[in-house]
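Me: I'm new to reading protein structures. Could you walk me through this one, a feature at a time?

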Amino acid sequence: MTNMNGSIGEDKLITDEMIMNCIYVVRGQKVMIDVDLAGLYHIAPHQLVGEVMTNPGHFAEDLIFALNADDFNFLYKQNYALKRRLNGRTVRMAFTEKAIPMLASIIASDHIDKINCRVIRIFYHIRQILDHYPDISLE
């Protein structure tokens, strides 16, 4: 799809499959991690985390959490290539499905709004599949 100036919109370069590949299960919850969200948003991970840290009132404890060593090990089992992308950084944030809409309230961008809408729809579809096929485990 082209935008008003005739170029392809940046959000269309990101496929639904790319978004789905950024959803992990950590502590029994479907989450996205800061490095992946920043990549989808076309911003630096430190910018995303900085915005979250300067707006702590927007995020309850059950919406975001810092990843610990056990979480990292669990993530690597889900996607070994992720280890390379994390570059050995010790603190990373995990964002639950409910945190995604809140990110749009602290980072104003049409691109991020469009990506968030797509992410929310994908989380919804995953939930529908899991509800329809209860034999599928999150772990």
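Reply: Let's start with one side chain and its neighbours. Leaving aside residues up to four places away in sequence, Y41 touches L48, I100, L103, H111, I112, I115 and N116. Keep in mind that this is a predicted model.

Me: Which residues touch the most other members of the largest nonpolar core?

Reply: That core has 28 residues, and the ones touching the most other members are M32, L37, Y41, L48, F95, I100 and L103. Two or more residues each come from α2, α3, β4, α6 (100-106) and α7 (110-132). The largest share, five residues, is given by α7. Apart from this core there's another one of 13 residues, including L67, F72, Y76 and L82.

Me: Okay, on to strands. Which way do the side chains of β4 point?

Reply: Here's the general idea: in a regular strand, side chains alternate between the two faces of the sheet. Now the case here: in β4 (residues 93-96), M93 and F95 point one way, while A94 and T96 point the other way.

Me: And are those four buried or exposed?

Reply: All of them are buried. For that label, the relative accessible area has to be under 20%.

Me: Which strand does β2 join, and how many bridges are there?

Reply: Strand β2 (residues 29-33) is joined to β4 by three bridges, and the two run antiparallel. To see it residue by residue, find V31 in the model: T96 of β4 stands opposite.

Me: What about β3, how does it pair with β4?

Reply: β3 (residues 64-66) and β4 also pair in the antiparallel sense, over three bridges. In this pairing, I64 has F95 of β4 as its bridge partner. You've met F95 already, as one of the residues touching the most other members of the largest nonpolar core.

Me: Where does H42 lie?

Reply: In the loop between α2 (34-41) and α3 (45-53). H42 isn't a glycine either, yet its phi is positive, about 65°.

Me: How accessible is H42?

Reply: Its relative accessibility is 47%, so H42 counts as partly exposed. To be called exposed, a residue would need over 50%.

Methods: Residues numbered from 1 in each chain as written. Predicted model: local features only at pLDDT ≥ 70, side-chain atom pairs only at ≥ 80, totals over all residues. Heavy atoms only, no water. Buried < 20%, exposed > 50% of the residue type's maximum accessible area, 1.4 Å probe, protein only. Pairing = 2+ DSSP bridges. Core = buried A, V, L, I, M, F, W, Y, C linked by side-chain atoms within 4.5 Å. Contact = heavy atoms within 4.5 Å.
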